Amino acid sequence: MILYLINAEHSSTNDNKTLLLELIENILADRETEIIFLINKFDSLEGDDIQALVDDVRKELVELGFTTGGILPISSNAARLFRMAMAEEEFTKREIMDFEDMFDLFSVEKFDVAPYLETNLRNVGMMEIRDIKGIVKVGGKEYGRADLAKASKRTGIMAVTAYVNKEIN
C-alpha cells in the first residue's frame, strides 16, 4: 500500500507529475499495489471548492495513467490539534488560535470528508462518537469530547488510520 500526499494548495505541479509518472513506471508497473491519494490541507479551501479539487485531482491522475486508487481530502493539522485537545496537551498561543478556527470549520457538515470517501475507505471500523463523554479546556474555553471526536472524524485522518490498520492486520 502506498499513501501519496498531495498539497491541496499546490495540487498540480510539474514536480508532482514527474513523481507520479515515476511511481507508475518504476513501482506500480510490475505489481498490484494499492495507492491512496491524500489531499492534505483541504481546510484551506472554501467548502464548495473541495469537490472541484477532488474532481481535478482525479482527472489529472487518470490523464497520467492511474486507473485505480482512492482519493481522500484530509486535514492533518486539524487532526493534530484535535488529538492534542483530547489528550489535554499544552497549546501555544498560535495553536490555540488555529484550534479555535479549525474547530469552527470542522463543526459544520460541509467540512466533512464522508461524502468523498471512496468505497474502499468506507466502513472500516472507525470509533463510535456516541460513546465519548466529558469536557476538555483549550485556551480557557470548554469543548465536549464528543464534539472534538466528531470534528476529528471529519478531518479524514480517522478513515485513513482505520483503513491502514485494517490492511496491515
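What percentage of the 169 residues of the protein count as buried? The share is 44%. The structure on display is a predicted model, and the following stops may be selected in turn.

**The whole chain**

Begin with the entire protein, coloured by secondary structure. Six helices and five strands make up its secondary structure. Followed along the sequence, these elements give the pattern β-α-β-α-β-α-α-β-β-α-α. Among contacts in the protein with a separation of 6 or more, 76% are between residues 24 or more positions apart.

Next, colour the chain by confidence. The protein has a mean pLDDT of 86, and 90% of its residues reach 70 or more. Confidence is highest in helix 3 (residues 76-86), with a mean of 97, and lowest in helix 6 (residues 157-168), with a mean of 85. Where pLDDT is low, the predicted coordinates should not be read in detail.

**Leu45**

Select Leu45, which is placed in the loop between strand 2 (35-40) and helix 2 (49-64). Is Leu45 buried or exposed? Its relative accessibility is 17%, and because residues under 20% count as buried, Leu45 is buried.

Now show the surroundings of Leu45. Apart from its neighbours within four places in sequence, Leu45 is in contact with Ala8, Ile50, Leu53 and Phe111.

**Helix 3 against helix 5**

Select helix 3 together with helix 5 (residues 145-154). The two pack at an angle of about 160 degrees, and their axes are 9 Å apart. Since an angle over 145 degrees counts as roughly antiparallel, helix 3 is roughly antiparallel to helix 5. The crossing of these two helices is left-handed.

Display the side chains where they meet. From helix 3 come Phe82, Ala85 and Met86; from helix 5 come Arg145, Leu148, Ala149, Ala151 and Ser152. By class, this contact has six nonpolar residues, one polar residue and one charged residue.

Keep helix 5 selected and turn to its buried residues. Which residues are buried in helix 5? They are Arg145, Leu148, Ala149, Ala151, Ser152 and Arg154. An α-helix has 3.6 residues a turn, so residues three or four places apart point the same way.

Finally, select Gly156, which follows helix 5 and has a positive phi, near 95 degrees.

Definitions and conventions
Residues numbered from 1 in each chain as written. Predicted model: local features only at pLDDT ≥ 70, side-chain atom pairs only at ≥ 80, totals over all residues. Heavy atoms only, no water. pLDDT = per-residue confidence, 0-100. Helix = DSSP H or I, 4+ residues; strand = E, 2+ residues; numbered from the N terminus. Axes fitted to C-alpha atoms, helices over the stretch in contact; angles between N-to-C directions. Parallel < 35°, antiparallel > 145°, perpendicular 65-115°, else oblique. Left-handed = near helix turned anticlockwise from the far one by under 90°. Contact = heavy atoms within 4.5 Å. Nonpolar A, V, L, I, M, F, W, Y, C, P; charged D, E, K, R; others polar. Buried < 20%, exposed > 50% of the residue type's maximum accessible area, 1.4 Å probe, protein only.
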